[in-house]
Amino acid sequence: MLIYPYSTPLILTEDIYVEYGGQTGTSTATQRQNAFLIAEQRASKYIGTFLLPTIVTGTYPYNSSNFIVTDYGYVHQILSAKVLSLQGSTSCTLKEDSGCAYIFDDTYAYLNYSCIQSTCNCAQWQSPYQYQIAYQAGLPTGTANQPGILQALTIVANIGLSQVAGGCGSDGDVGITEWSSMDYKEKRKDWPVTSLGRSAKAGYAADLIKATIRLVRPAITLR
């Protein structure tokens with residue numbers, strides 16, 4: 001389970017939100033701060049990494065490909081790499097040996113850990129059990145302050161705020177595809193549902209982010 005580690009907004013502020021067209025309406029300061037945090041959390045999930053460089057630790061099961069894919073993309077550096085293996089054939093205890101790993105693709109978070117395997121001193125019949133990697137991941141400093149990202153965060157925050165506070169100028173993330181009134185009827189295009197929302201506004205926010213940075217997790221084959 002991935003848990004978002006921040007409890008306050010990292011990027012959005014009151015000034016940025018208003019400057020990029022965010023509507024405060026009758027909302028309270030606490031509601032706005034919550035909306036900013038939720039917008040950043042959703043954007044982080046959509047991008048596949050944090051909006052700022054963050055140190056995290058991940059534990060991954062052994063596989064024979066010599067590669068792992070970390071939970072977050074845009075990996076800047078590996079801080080530690082450990083291999084966990086059984087402490088003997090009759091023990092339920094795992095022993096820990098330090099090693100090293102290499103960044104194979106920083107944006108998409110592919111790490112090569114083939115050099116760790118030789119450090120575990122496993123018996124011939126054994127294989128490593130798990131790999132534990134501490135690494136720093138997140139968009140490079142300053143990237144999340146680009147206009148496209150700030151505009152997208154403002155849109156998503158405004159959607160969230162309109163769900164809990166009246167008078168914000170919209171009905172939230174309604175995602176209407178068909179509408180009629182008297183003799184007039186229209187059906188709008190379907191927008192893909194993402195972690196940013198399901199409406200046209202959320203779709204526009206997604207397009208802004210995609211136009212600014214490369215999203216994590218493309219189709220890539222490791223050989």
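The protein contains 4 helices and 9 strands, where helices (H or I, at least four residues) and strands (E, at least two) are DSSP runs numbered from the N terminus. The model is a predicted one, in which local features need pLDDT of at least 70 and side-chain atom pairs count only at pLDDT 80 or more, while totals for chains, interfaces and linings use all residues. Residues are numbered from 1 along each chain as its sequence is written, and side-chain values use heavy atoms, with hydrogens and water left out.

Followed along the sequence, the elements come in the pattern α-α-β-β-β-β-β-β-β-α-β-β-α. Of the 223 residues of the protein, 40% count as buried; here buried means under 20% relative accessible area, exposed means over 50%, and partly exposed lies in between, with a 1.4 Å probe and protein chains only. The protein exposes about 12,300 Å², of which carbon and sulfur atoms supply 50%, the accessible areas coming from the Shrake-Rupley method with a 1.4 Å probe and, for residues, with only the protein chains shown counting as cover. Among the contacts with a separation of 6 or more, 73% are accounted for by residues 24 or more positions apart, a contact being heavy atoms within 4.5 Å.

Helix 3 (147-164) has 18 residues and reaches 26 Å from its first C-alpha to its last, close to the 26 Å expected at 1.5 Å a residue; the expected span is 1.5 Å times one less than the number of residues. This helix is mostly covered, with 13 of its 18 residues buried. Helix 4, residues 200-212, has 13 residues and reaches 19 Å between its first and last C-alpha, close to the 18 Å expected at 1.5 Å a residue. Within helix 4, Ala-202, Gly-203, Ala-205, Ala-206, Leu-208 and Ile-209 are buried, and what covers the buried residues of this helix includes helix 2 (29-47) and helix 3.

Because Asp-207 and Lys-210 are 3 residues apart in helix 4, they are separated by about one helical turn. An α-helix has 3.6 residues a turn, so residues three or four places apart point the same way. Asp-207 is partly exposed at 37% relative accessibility, and Lys-210 is partly exposed at 46%.

The structure holds 3 salt bridges. In one of them, Glu-14 pairs with Arg-32, the closest N and O atoms being 2.9 Å apart. Glu-14 lies in helix 1 (residues 14-19) and Arg-32 in helix 2, so this pair ties together parts that are 18 residues apart in sequence. Glu-14 counts as partly exposed at 27% relative accessibility, whereas Arg-32 counts as buried at 13%. Another salt bridge joins Lys-82 to Glu-96, with the closest N and O atoms 3.2 Å apart. Here Lys-82 lies in strand 3 and Glu-96 in strand 4 (residues 94-99), so the pair ties together parts that are 14 residues apart in sequence. Lys-82 is partly exposed, with a relative accessible area of 23%, and Glu-96 is likewise partly exposed, with 47%.

Among the strands, strand 5 (residues 102-105) and strand 6 pair in the antiparallel sense over 3 bridges, pairing requiring that DSSP finds at least two bridges between two strands. Ile-103 stands opposite Leu-111 in strand 6. Strand 5 and strand 6 form a hairpin with 4 residues between them, and Ala-109 in the turn has a positive phi of about 65°, although this residue is not a glycine. Ala-109 counts as buried, at 0% relative accessibility.

Most residues other than glycine have a negative phi, and most peptide bonds are trans. Tyr-74 too is not a glycine and has a positive phi, of about 55°. Tyr-74 lies in the loop between strand 2 (67-69) and strand 3 (75-86), and is buried with a relative accessible area of 13%.

At the surface, Leu-86, Leu-94 and Tyr-129 form a nonpolar patch with about 260 Å² of accessible area together. Patches are made of residues with over 30% relative accessible area and no salt bridge, like charges being joined within 9 Å and nonpolar side chains (Val, Leu, Ile, Met, Phe, Trp, Tyr) within 5 Å. Tyr-129 is found in the loop between strand 6 (110-112) and strand 7 (130-137), and counts as partly exposed at 47% relative accessibility.

Methods
A salt bridge is a side-chain nitrogen of Lys or Arg within 4 Å of a carboxyl oxygen of Asp or Glu.
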